[in-house]
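Let us take a friendly walk through this structure, one stop at a time.

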Amino acid sequence: MSETQITTDQTQFVETKQDSNFKRLLRSFKKNKLALYSLYVIILLLLIVIFGPWITPYDPQEANYDSILEAPSWQHLAGTDEFGKDVLSRLIVGARLSLGVGVSAVLLGAVAGTILGLISGFFGKWVDRVIMRICDILFAFPDLVLAIAMVAILGPGMKNVIIAIAFFSTPSFARIVRGETLEIKERLFIEAERSIGAKKSRIILRHVFPQTISTIIVYITMNIGGAIISAASLSFLGLGASPSSPEWGAMLSASRDYIGHAFHLIFFPGLAVFITVLVLNLFGDGLRDVLDPKTRD
Amino acid sequence: MGRYIIKRIIGLIPLLLAVSFLIFIFIHLIPGDPARLMAGKDATNDEVEALRTYLGLDKPILEQYFIYMKELFQGDLGHSLRSNAPVTQLFGERFLPSLQLSILSIGWAMLIGILLGVISAVFRGRWPDYFGTITAISGISVPNFWLGLVMIQLFAVQFNIFPAGGIETWKGYVLPSFALGAGIMAMITRFTRSSLVQTLQEDFIRTARSRGLGERAIIFGHALKKSMITVLTIAGLQFGFLLGGSIVVETVFSFPGMGRLLIDSIQFRDYPVVQSLLLIFSLEFILVNLIVDILYGFFNPKIRYN
Amino acid sequence: TSGSSDEGDSTGGDGAADKSEVTIAFQENIQTMDPHNGSAGIDNSVQYAIYESMFTPDEDGELQPLLATDYEISDDGLTYTFKLRDDVTFTDGAEFNADAVKANLDRIIDSEGSLNNYKSLRDVEKVEVADDYEVEVTLNNINSQFINKIGMLRMASPDALENDIDFGEESAGTGPFVLEKWNHGDSLVATKNEDYWEEDLPKVDKVTFKPIPEDGSRIAMLKTGEADYIFPVPVNDVESLEAEDNIEVSVVESTYVNYATINTSKEPFNKKEVRQAMNYALNQEDFVKVVKNGYGIVSDSALPATNNYYAAQEPYDYDLEKAKELLADAGYEDGFSTEIWGSDSSKDKRGMQFIQQQLGEIGIDVEIKQMERGTLSDEINKPESAEDSEVEMWYVGWSSQVGDADNATNPLFSSSSFPPNGSNTAYYDNEKADKLIEEGLHAKSEEEAAEKYAELQEILWDDAPWLFTAVDEEPTAMRKGLKGIWRSADGNFYLREVEWE
Amino acid sequence: MTSNPVLEIKHIKKYFKISKGWFAEKKYVKAVDDVSFSIEKGRTASIVGESGCGKSTLARLVNGLIEADSGEIVFKGNDLTHKNEAVWRTFRQPMQMIFQDPYASLSPQMKIKDLVAEPLLIHYPKMSKAEIEKIVKETLDICGIGSQHLSKYPHQFSGGQRQRIGIARALVLRPELVILDEPVSALDVSVQAQILNLLKDLQEKFDLTYLFISHDLSVIDHISDDVAVMYLGNIVEISSRDTLFESPKHPYTQALLSSVPDKDPKLKRERIILKGEIPNAANPPSGCKFHTRCPFAMNVCKEVAPVMQTLDNGTQVACHLYQENQS
Amino acid sequence: MTGLLEVNNLKTAFISDDKTTQVVRGVSFAVNKGEIVGIVGESGCGKSVTSLSIMRLLKGTSGTIQDGEVRFHDQNLLDLSEQKMRKIRGNSMSMIFQDPMTSLNPVLKIGRQLMQGIMLHLKYPKEKARKYAVSMLESVGIPRAESIMNEYPHQLSGGMNQRVMIAMAMSCNPELLIADEPTTALDVTIQAQILELMKELREKQNTTILMITHDLGVVSEVCDRVIVMYAGRVVEEGKTAEVFENPKHPYTEGLIKSMPKIGQKQSRLYAIPGQVPDPANMPKGCKFAARCPHVMDICTEKEPDLIKDEEGRKHRCWLYQGEYEGGEKVDVKSSTGN
Ligand SMILES: Nc1ncnc2c1ncn2[C@@H]1O[C@H](COP(=O)(O)OP(=O)(O)OP(=O)(O)O)[C@@H](O)[C@H]1O
Ligand SMILES: Nc1ncnc2c1ncn2[C@@H]1O[C@H](COP(=O)(O)OP(=O)(O)OP(=O)(O)O)[C@@H](O)[C@H]1O
Ligand SMILES: [Mg+2]
Ligand SMILES: [Mg+2]
């Protein structure tokens, strides 16, 4: 037989009806009302972040010693602070800072943690043991102690707060990614890659890492809220942003001196943090349901 | 089982040694000089030097570490630079309140968390689920100092139901444990929910249904036990954290726990105290994890240690 | 204001109900009960309930005899002779006499600095027992402030010192109270000294001291009756406390001066015009209003009005035009950027923000750098000389004893007090001022001292090494009916005669 | 049989350590325990056996995915035993593997064309894009996947199609030896037939040598030239297909054959139903590992492990029943 | 002979937010007392969903029964309250599943899982239930039953677990046992043991068994009658031997031909081309038309009915619709049944 006939039973190709992750996400968000509404609020927040400085009713930095600590009114919807600055304007401008801290700290931690987690999980053995023990130690340290120490070492300022928060969110990312990697490493397609001769670096970058992305994204959204709160807690302990900046945590911490008689001062920044973190968490939760129903840690 | 535990504990020794060294280096990296802080702003340099020598801080760092380790092996955790009280005593005074607070916080958080989680999972996608989710997530969406301050304002000042601080009576634990537990409750709710949702889709649940078991028996008798494994891990981890005290909540409620001791000691660079406390926390954390591992085996028959 | 909890006390803690106990809540933690090692104000105050000194201030800041009955100064001004009471015993049974005083002073002197009170006895050459109840202390230099320092040192039983007891566990003083139990960080309980040397005192059975770091909690505790006497009271809460029926707020003009040092060794602050311009640009009235919520007194000297040697100066009026002019004269018509350092407390945060806003008006762009206290102290004290110094402005405060002008000037303005040797973070270096500080300290008479210090204050005011702001008025709040407890201008409280009405 | 085997396996062993921790007693699963066989060029050698008997482990050993504890792997005359990844990598082109679960063995986030191109990228880094695309298209086409599907992801295909992609991925390197680890057990009967046909066609077209692993005797019967039967890490019988199916020698082979449910309801045979369960590989029986279930077990079976020997009809068998005959 | 179980025109669909996909599309068949009936068909053709619908076990999925009836002892199970249904489940009708490893609760001891149902349905006190459970384990051939009671599923092998499942299902003496691919996850030698056990059950206790599988071998081995499903419908039904001997529907024919058979040397296998249509996207007309070697014009236009011919066999194919004009149309039987 000179010409072997190869069966090509391609009479009709059935498109299996699983669509891409993104379509699934949209569809499933339509079902998960909480996540959907959260997404709307997040979009609104992003708009505020982008356009904040142009939509404030007052100059957020302008002090007016004749109208300090005024309760909310039509003029000042969220009242004024101890220097007579308009609280609403400060909240609007501060969104950028607060979300900025949260996002950049978590991203930084995610990058570091992902690298560590991939290495730890993929190479195993002593590499894994060393990295995981270090993570254990970092875990065992009370977060804020770590942060206080970091800020003390690095000096005050937003940048260092970000580094500090990133630093202590790193081990949890490392753990999550390591866990995923361990599992993915055992999957058949990794073995298939090895059997076609792919190098370790290629396997990690091209095959393991893409599999962890959805988990990482979910974990990032869920951690941003935590990072915002950590930043606020650091501000509370006096270690946060520059005090005059309208970062929400800084506003909160300043306002505690007035809790007894200017409740709006602590209420509104608290509310802003609450809503932001809440929607981020709800969104992350929804995202997890879609992308990664089996996240554990 | 016993052998396993002993093995694990022996395995801890090198880890703790490494930890002690890291902690030592770490806290000495933090700028600040205890002698200077103790001497006060109007002290002259000579007076500060004298104090530093007196405190033994003029010795090279490594020597200080070896001295510390030598004492540690003799069971001495050192003395506070500041009040000269033995660290064991300081720790002893704070441990019980912290432990009680931790147990209380974890306790109610687990109780409510699991309940909400079960409700959310069972009524998945309907309003009880939304209610459970929002309640839970609210718990981790407020900074706990904010929650604390607002609760003091409300329950201590306005209604005078609970004290604003101090732990003379059991009432003093209520507000702090609420502030501390809120976040944990949220976490437990979420993990219970997602784990239960997942478990409820497993084959063995269908088997149980096929045998005519009622929903309650299925959820509590079959599904929850499996889900508890995850929940337990989370709770254990959180308990480990809690034992180290919460700086923020303890500050807000003037609660005499580990967190405040730690932060006070850090502020004064009271090295022996900080060092020993951090070491103890690491040990506690590791032990709690060990206990969780063992309980894990109890709930998960596949991981029985022998 | 939220004054709806007036009836709250009916359910409140035992303090309000039990008239034989007093609970005092304050911010700082008690650090040590070693009577010679207290550094923070709170340590001293708590210790005064248990350990007594030879003299004690009255509410006007005048020294009154306590364990001593009188003292004399030799003509050369170098030897002090103290006459002691002869009817006092320590609670461990040891007798209070000249030997006891010598034992105490020697312990402090021998510490060479490891005990905090060493600073008070820097100039002492020797201590001698002249008689059973007479002690002679000889100085190697005249010191016009000395009585204020030695007079306030607390005396502990010589036996206790000998045996090196743990002062955190037990006490051996002569004071109206005895240490019962100290739970570090939670509370310190002191009970009545049944054998107190003065009849009828003390009038309560038990005093509890509680560090409550969070302002809001402290206030809540007073409102609910968990505490009877609290301080500091944040100035913002005074109003709401005053509105309560069963709470009384008293305001004491303190010795606490708020200011920001200006590093005179650095460009552009080495120009007097610049420093003056900054002072003209700061509205001190607004400072009091905004930062202190009205509880403060505008500074008109480097010394607080409560200091015995205070001399008022012509204030720097709020005058932006003049400020700009001066800046232009110095060559900075467009302003410049600088940094202000300060602690991480919310009080200081507010002060620095105010300064930032005010200096912004004349084009000085101030960046605020808050640091945790240990770090801050390191940053300040690391540089060994003015050239190496990095601090530009430091927002801080200074509290000194009412009668002690040396302590209020020497560590702050003397050129020998550059960090790390003192707190002259203005790196103020003026020979004439140095000389006046010296002369004030060694003055033979009150009058001479007053004269020197007045001149010093004039120079300081004009040279403006500080951005002057205000002196605190410190509110303290207590339950109605509490008597005999009071705060001095320098921040201590005294409760020998505390009682419920 | 020709004398030039493509692959020769000699006394290969792989024990997996299963005890964890530093002080725990060491325990091993003897997944592959002294196995030898060889494959001639162009033939299909099959390995059949029940779950957990070590088939996949053997396949992974042969393909160098795990390292053997001892023994030899000789591929085209090259001794590959204990060689490192880099050496193995040079032999991955002529030796390819196809896996049981076609979905799990395809990296889910890659497009089909990238998946199939990847082996080329790895082994021929200098090859031009156009050339790669040409080869990819061609190979996919041979395997029955049209070029309109190049930009799709694995999840968009059905099981049979995915297995075709898996096959294309192996064939794109034009290998000589293909190891197939249960390539059709995850597929439906009708699709299974398609894939089996495809495999046969490809073998002819490219003159491939197959090492075919399966637990399904009817599939084995259909595709093999030679068959080895494995039980708990050992090969108990090797024979040509016809000999094996006509006259199985080892009691286990006999039981296995008789256990296959018959597709013809009229043909009711006497079955050998084995007692008991397949023993745990971590704790295998002594002597002949099959003695616990063997209907013919003798005393010697409990103590002495039988050695492999060749019978007159060419069958190699490891069983005491035949040992007696010989000696 | 009246049917113990009668399924009439059963329709089950999965509802996702944007669409409804019917996967069981009007299935009708009957099972008589004491019979072993097999259901075969390719993966995804609706076999499992049919069995789950009968047991009303779709809870926890998005599936709902849209139409039809399931008569058990002349009682329509679909009309029963959940509570009443629970009394039937595991009692007079029980089920075993494909994968014994995942179908048992991994965190509960075997004994506890067994006893739960016994205590619930037979109302035995604990001790008695325990003894009974042990005897049930013994009766399915489990050695050292006493100690197995205290073990967890992961400590047993797949075959043992499947036996536990069978013991569990048989413990309340069900009249009908539905076995959904009971041996697919098992090895051949173990499969042979389990099939033997099921035949024994029928012999000894006259248990009626509905055996779902995709393995024609299994069907021919144990079943009296076979139902062939394709794309959510019954396409052929008849005595096992007859269907194997002389398949009527081209799908059945293809299925049988495409299996490699031992001892039958073929160089190539017959392969049904193409794939099963996507249930969400069913073609018009006969669902098999696209793969059918005998396809006619009408096939792509109109779906044939399931008809019963003189020999008592049922099939759904245009090839025979003309021939058996008088044949009974099973499909159109009204839901009131006979
Ligand atoms: N990485 C491993 N670590 C420990 N044990 C292993 C490992 N891989 C396989 N085993 C064990 O080795 C034995 C043989 O496994 P293998 O996968 O080769 O069997 P198999 O014949 O392919 O079975 P199946 O038909 O189920 O695929 C089994 O007992 C298995 O549990
Ligand atoms: N829980 C579910 N949600 C959505 N669709 C489902 C669900 N269960 C089954 N289906 C769909 O229903 C159809 C029939 O599934 P069913 O499980 O009955 O097939 P089967 O014949 O048992 O196949 P197999 O031989 O693979 O077990 C399939 O297309 C499947 O995708
Ligand atoms: Mg295998
Ligand atoms: Mg099925």
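This is a predicted model: local features need pLDDT of at least 70, side-chain atom pairs count only at pLDDT 80 or more; totals for chains, interfaces and linings use all residues.

An oxygen atom of ligand 2 is 3.1 Å from a backbone N or O atom of Gly46(E), and a backbone N or O atom of Val49(E) comes to 2.8 Å from an oxygen atom of the ligand.

Most residues other than glycine have a negative phi. Asn9(E), however, has a positive phi near 50°, and you will find Asn9(E) in strand β1, which covers residues 3-15 of chain E. Asn173(E) is not a glycine either, yet its phi is positive, at about 50°. This residue sits in the loop that links α7 (158-170) to β7 (176-180) in chain E.

Now move to chain C for another backbone feature. Most peptide bonds are trans. The bond from Leu201(C) to Pro202(C) is cis, with omega near -10°, and Pro202(C) belongs to the loop between β11 (187-192) and β12 (206-211) of chain C. The bond from Glu267(C) to Pro268(C) is cis as well, with omega near -15°. Look for Pro268(C) in the loop between β14 (247-262) and α8 (272-281) of chain C.

The last stop is a pair of helices in chain A. How do α6(A) and α8(A) pack, and at what angle? Helix α6 (residues 158-185) and helix α8 (residues 200-236) of chain A meet at an angle of about 150°, and their axes are 9 Å apart. Angles over 145 degrees count as roughly antiparallel, so that is how α6(A) and α8(A) run relative to each other. Their crossing is right-handed. On the α6(A) side, the residues making the contact include Val161(A), Ile165(A), Phe168(A), Phe173(A) and Glu180(A). Across from them, α8(A) contributes residues including Val208(A), Gln211(A), Tyr219(A), Asn223(A) and Leu234(A). Sorted by class, the contact of α6(A) with α8(A) has 14 nonpolar, eight polar and one charged residues.

Definitions and conventions: Residues are numbered from 1 along each chain as its sequence is written. Chains are lettered from A and ligands numbered from 1 in the order in which they are written. Side-chain values use heavy atoms; hydrogens and water are left out. Axes are lines fitted to C-alpha atoms, for helices over the stretch in contact, and angles run from 0 to 180 degrees between N-to-C directions. Helices (H or I, at least four residues) and strands (E, at least two) are DSSP runs, numbered from the N terminus. Angles under 35 degrees count as roughly parallel, over 145 as roughly antiparallel, 65 to 115 as roughly perpendicular and the rest as oblique. A crossing is left-handed if the near helix is turned anticlockwise from the far one by less than a right angle, and right-handed if clockwise. Contact means heavy atoms within 4.5 Å. Ala, Val, Leu, Ile, Met, Phe, Trp, Tyr, Cys and Pro count as nonpolar, Asp, Glu, Lys and Arg as charged, and the others, Gly among them, as polar. A polar contact is a pair of N or O atoms within 3.5 Å; within protein, one must be able to donate a hydrogen and the other to accept it, and residues adjacent in sequence count only if both atoms are side-chain atoms.
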